[in-house]
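Subject: Structure for you to look over

Hello,

Here is the structure I promised to pass on. Please open it alongside this message; my notes follow below.

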Amino acid sequence: QWKERGTGDVRFMKNRETGKIRLLMRREKTLKICANHFISPLLTLKENVGSDRSWVWTAPDFADNEVKEEILAIRFANTENAKKFKEEFEKAQAENSKFVEKEKPAEASSDKPEPPKEEAASS
């Protein structure tokens with residue numbers, strides 16, 4: 001069962017400090033956030049059944065101030081805008097892939113870093 005989150009503008013936001021790109025959507029009238037998540041290269045954007053102007057994907061979303069795995073869908077007024085969205089989504093995934101690759105080795109390593117060794121200076 002679909003739960004409508006609202007209509008409004010969807011944006012790809014690039015963090016000025018980290019360079020990471022996330023998707024942010026606000027409801028048209030209230031400006032309340034209804035979708036907010038990192039565009040991971042691991043996300044799969046699928047065409048919604050029988051429509052060339054809507055997309056579906058699953059992502060850990062932070063719109064309700066807590067991270068929840070959500071199935072998200074977006075529908076556009078026309079096919080052209082749907083294609084543009086897909087292009088930008090895939091561009092963001094490609095750009096964010098460098099962050100996922102950087103973070104993987106740190107996450108995979110269960111070893112704690114050793115504290116720096118002190119060296120005594122002799123005179």
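The largest pocket is lined by 24 residues. Nearest its centre lie Glu-4, Gly-6, Ala-73, Ile-74 and Arg-75. Bear in mind that this is a predicted model. The volume of the largest pocket is about 810 Å³. Its lining divides into 13 nonpolar, six polar and five charged residues.

Which strands supply the lining of the largest pocket? Strand S2 (21-26), strand S3 (33-38), S5 and S6 each give at least two residues. S6 has the largest share, with six residues.

Now the sheet. Three strands make up an open sheet, ordered S4-S5-S6, with antiparallel pairing. Its edge strands are S4 (46-47) and S6 (68-75), and each of these pairs on one side only. As background, strands of a sheet pair through backbone hydrogen bonds, either parallel or antiparallel.

Strand by strand:

- S4 to S5: two bridges join S4 to strand S5 (residues 54-61), and the two run antiparallel. Glu-47 stands opposite Trp-55 in S5.
- S5 to S6: eight bridges join this antiparallel pair. Pro-60 has Glu-69 in S6 as its bridge partner.
- The turn: S5 and S6 form a hairpin, with six residues between them. Asn-65 sits in that turn and has a positive phi of about 65 degrees.

Two residues deserve a separate entry.

Leu-23 is found in strand S2. Is Leu-23 buried or exposed? Its relative accessible area is 1%, so Leu-23 is buried. Leaving out residues up to four places away in sequence, Leu-23 touches Val-10, Arg-11, Phe-12, Ala-35, Asn-36, His-37, Ile-39, Trp-57 and Phe-85. Leu-23 and Phe-89 are 66 residues apart in sequence. In space, they are 8.5 Å apart, C-alpha to C-alpha.

Asn-96 is in helix H1 (residues 79-108). Asn-96 counts as buried because its relative accessibility is 0%. What does Asn-96 touch, not counting residues up to four places away in sequence? The contacts are Gly-19, Lys-20, Ile-21, Phe-38, Ile-39 and Pro-41. Ile-39 is also among the residues that Leu-23 touches.

Then follow the hairpin of S5 and S6. Finish at Asn-96 in helix H1.

Best wishes

Key: Residues are numbered from 1 along each chain as its sequence is written. This is a predicted model: local features need pLDDT of at least 70, side-chain atom pairs count only at pLDDT 80 or more; totals for chains, interfaces and linings use all residues. Side-chain values use heavy atoms; hydrogens and water are left out. Helices (H or I, at least four residues) and strands (E, at least two) are DSSP runs, numbered from the N terminus. Buried means under 20% relative accessible area, exposed over 50%, partly exposed in between (1.4 Å probe, protein chains only). Contact means heavy atoms within 4.5 Å. Two strands pair if DSSP finds at least two bridges between them. On a 1 Å grid over the protein atoms alone, a cavity is a set of points where a 1.4 Å probe fits but cannot get out, and a pocket is an open set with protein on both sides within 12 Å along at least five of seven lines; lining residues have an atom within 4 Å of a point. Grid points are joined across faces, edges and corners, and a volume is the space filled by probe spheres set on the points. Ala, Val, Leu, Ile, Met, Phe, Trp, Tyr, Cys and Pro count as nonpolar, Asp, Glu, Lys and Arg as charged, and the others, Gly among them, as polar.
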